[in-house]
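I opened this model to look up a few features. My notes follow in the order I took them.

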Amino acid sequence: MKSKVKISIACSAVVAVAALGAVFWHGGSDKPEVSQSVDVLNPATEPVTEPELPDITDFSPEPGLTGLAQAMSQINDDVVGWIRISNTQVDYPVVQYEYDEENGNDFYLHKDIYGNYLERGTIFMDYRDVFGGDESKQTDNIVLYGHNMLNGSMFGDLHDYRHDEDFYKENPIIEFSSNYKDYKYVIFAYLLTSGSYGESYYGEDFPYWDIHDLSKESDFNDYVETVDERSYIHPDIDVEPGDKLLTLSTCHLDEDNSRLLVVARRLRDDETVESITAKISGDSADDESENTDDSDE
């Protein structure tokens with residue numbers, strides 16, 4: 001049975017909770033164009049500076065645990081990783097409150113990693129997800145949530161992707177490290193969708209916040225196909241069953257409870273950041289080889 005977990009990612013100063021079963025219909029069945037309307041953002045009433053973090057140079061890695069994880073554990077053992085994206089303010093610890101369903105996806109909405117009140121909260125992982133040292137047990141599609149802040153902090157800068165495709169070509173990689181290992185993911189889609197159950201202006205029902213287990217090939221393909229159909233980009237990045245996915249979620253508009261999703265897959269062992277970014281930018285060796293063959297003819 002589908003678990004109807006509330007996702008309380010605020011689109012304004014007031015927490016906007018997804019209304020279960022609600023339908024937002026604005027007419028039309030075609031995929032919407034990129035919105036030109038102004039996003040509803042949290043007011044920047046706090047300084048941009050983050051809570052002070054420990055100096056990780058003071059910690060040497062323990063077996064199975066990175067130095068960064070060891071340092072962060074001195075603050076809060078809810079820290080499950082760290083996320084970075086180049087040329088954005090996304091450079092934050094990621095927490096998870098996995099202790100109960102009622103508060104799992106609410107707890108860090110307006111708390112810093114010390115548990116103190118902070119309007120913009122902390123980037124947090126869905127309480128159902130697993131991102132530990134055993135990769136075979138890691139969740140197939142990890143979902144991270146963050147506020148859309150006016151000053152660009154938290155996940156506010158993610159909107160740079162939909163505003164400028166060149167920004168994507170220059171910054172297609174997400175660094176998302178667990179407490180045990182560093183991983184890199186390549187973005188293959190970003191899209192706007194509803195944050196509520198039911199059909200909406202953005203398409204048919206797509207409760208992405210409930211889609212984590214993609215161990216069945218059909219479920220994996222359904223998720224990727226839905227994302228691809230709604231995406232504003234279609235790079236030459238193959239995504240296959242068995243790939244680990246990462247979905248970043250932040251608010252778009254308060255009026256229709258919509259969300260911006262940025263979806264990525266983990267780089268495989270035979271891939272490098274350089275080869276992937278070259279492929280996206282059109283500067284890959286394969287392209288050069290094809291051009292050379294054409295000229296010889």
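Which strand is joined to E4 by 2 bridges, and do the two run parallel or antiparallel? I found strand E3 (residues 124-125), and E3 and E4 run antiparallel. Strands count as paired if DSSP finds at least two bridges between them. In this pairing Phe124 stands opposite Tyr145 in E4.

I note the ground rules here. This is a predicted model, where local features need pLDDT of at least 70 and side-chain atom pairs count only at pLDDT 80 or more, while totals for chains, interfaces and linings use all residues. Residues are numbered from 1 along each chain as its sequence is written, and side-chain values use heavy atoms, with hydrogens and water left out.

**Entry: the chain overall**

I listed 6 helices and 8 strands in the protein chain. Helices (H or I, at least four residues) and strands (E, at least two) are DSSP runs, numbered from the N terminus. I read the order from the N terminus as α-β-β-β-β-α-α-β-β-α-β-β-α-α. The chain has 297 residues, and 51% of them count as buried. Buried means under 20% relative accessible area, exposed over 50%, and partly exposed in between (1.4 Å probe, protein chains only).

**Entry: strand E4**

I went back to E4, residues 141-145. On its other pairing, E4 meets strand E7 (residues 245-251) in the parallel sense over 5 bridges. Leu144 stands opposite Leu248 in E7. How many residues of E4 are buried? I got 5 of the 5, so the strand is largely enclosed by the rest of the structure. Asn141, Val143 and Tyr145 cover one side, and Ile142 and Leu144 the other.

**Entry: salt bridges**

I searched the whole structure and got 10 salt bridges. The cut-off is a side-chain nitrogen of Lys or Arg within 4 Å of a carboxyl oxygen of Asp or Glu.

I checked Arg128 and Asp210, whose side chains meet at 2.8 Å, N to O. Arg128 lies in the loop between E3 and E4 and Asp210 in the loop between E6 and H4, so the pair ties together parts 82 residues apart in sequence. Arg128 is partly exposed at 26% relative accessibility. Asp210 counts as buried at 18%.

I then took Arg265 and Asp243, a salt bridge at 4.0 Å, N to O. Arg265 lies in strand E8 (residues 258-266) and Asp243 in the loop between H4 and E7, so this pair ties together parts 22 residues apart in sequence. Both Arg265 and Asp243 are buried. Salt bridges with shared partners join Asp238, Asp243, Arg265, Arg268 and Glu271 into one network.

**Entry: aromatic rings**

How many aromatic pairs does a search of the whole structure find? I got 16. Rings of Phe, Tyr and Trp (its six-membered ring) pair if their centres lie within 6.5 Å; planes under 30 degrees apart count as stacked, over 60 as edge-to-face, and the rest as tilted.

Phe176 and Tyr185 have ring centres 6.3 Å apart and planes at 45°, so I logged the pair as tilted. Both Phe176 and Tyr185 are buried. Phe206 and Tyr223 are also tilted, because their centres are 5.6 Å apart and their planes at 40°. Phe206 is in the loop between strand E6 (184-194) and helix H4 (217-230), with Tyr223 in helix H4, 17 residues apart. I put Phe206 and Tyr223 in one aromatic cluster with Tyr197, Tyr208 and Trp209.
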